[in-house]
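These entries record what I looked up in the structure, beginning with the chain as a whole and ending with a single residue.

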Amino acid sequence: MIGQKDLLGLRGMDREQLTRILDAADSMRRILDQNQKKMPHLQGKTIVTLFYENSTRTRLSFELAAKYMSANAANISASSSSVAKGETLIDTGRTIQMMGTDVVVMRHPMAGAPHLLGKHVDAAVINAGDGMHEHPTQALLDMYTVRRKRGSLMGLKVAIIGDITHSRVARSNIWGMQAMGAEVWLCGPATLMPVEIEKTGARVCTRVEEAIEGADVVMGLRLQKERQQGGLIPTLREYASVYGINNERMRLAKQDAVIMHPGPINRGVEMMSDVADRAESVIDEQVKNGVAVRMALLYLMTRRREPHDLH
């Protein structure tokens, strides 16, 4: 978390800590809106993205965030690195460390991998998604997007619908949005709902209509077919029929309810195209805000021992 060396998850972060990040993202968003693509904020810093899983939005936004602020940015893909030769995560981390890296942005299929790396390198480690654990930067950009639309998350009803079990995005949003004062409702098939998820404080229901009714924010989650072992849902068609977010169900939400999705969308499965493309949808805005949030994080984490001045 901010204030410590690494950002590994949102669990345990309080409203003040989260607000500090979102306020910094406001400053970065203003810079982006002015179409300034080269600022000196990270001049002399080196950022490495280390991805053991595929990514488009997260990796590219971190790399652009680094380059926009004049950092040296490099990417390591596990499939084309010494990892493919059997190098351990710790040895890979030490190698990166010895090259003068300031921040390592890491995605890994195993929960806890960024925590392990953080213990063995001096560089700051940012968790870009670890297994089915957390995806803190996605949740931060989601919260930032809602805050820009609503001014605050306090008192909002947020419905998160879909594959909760495999969603690290859902977990980070549960912790983060609740810390910011929102009420989080979860809905999905029983086979895709984690055991005892209610202990997080989120409300759990089995009917999409109940989750969406009166919601200020409706977020669809990608059905993560690559993480499933089979048999968790009958068919995609049936899943879409029972849990898909369509216009009829959206009529139950508040008229101006914000429509979100972390992407990529399986159109016609977890969310229908006519919902994803509605005026209330902020799915494209989430992508732009992702760059601003990650710029803010890189700035704050490379100056964790220095005064934070974002004017």
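Predicted model: local features only at pLDDT ≥ 70, side-chain atom pairs only at ≥ 80, totals over all residues.

Burial. I then turned to the interior: 56% of the 311 residues of the protein chain count as buried.

Charge. I noted 40 positive and 35 negative side chains in the protein chain. The centres of the two sets lie 3 Å apart.

Fold. I recorded eleven helices and nine strands as the secondary structure of the chain. The radius of gyration is 19 Å, close to the 19 Å that the globule rule gives for 311 residues, so the chain is as compact as a globular protein of that length. I also took the span of the C-alpha trace along its principal axes, which is about 55 × 45 × 35 Å.

Contacts. I considered contacts between residues at least 6 apart in sequence; 74% of them join residues at least 24 apart.

T200. Where does T200 lie? I found T200 in the loop between strand 6 (183-187) and strand 7 (203-205). Is T200 buried or exposed? Its relative accessibility is 16%, and the cut-off for burial is under 20%, so T200 counts as buried. I next looked up its surroundings. The T200 side chain reaches the backbone nitrogen of A202 at 3.3 Å. With neighbours within four places in sequence left aside, T200 is in contact with I174, W175 and Q178.

How values were computed: Residues numbered from 1 in each chain as written. Heavy atoms only, no water. Helix = DSSP H or I, 4+ residues; strand = E, 2+ residues; numbered from the N terminus. Rg over C-alpha atoms; globule rule 2.2 N^0.38 Å. Buried < 20%, exposed > 50% of the residue type's maximum accessible area, 1.4 Å probe, protein only. Contact = heavy atoms within 4.5 Å. Lys, Arg positive; Asp, Glu negative; His and termini not counted. Charge placed at Lys NZ, Arg CZ, Asp CG, Glu CD. Polar contact = N/O pair within 3.5 Å; in protein donor to acceptor, adjacent residues only side chain to side chain.
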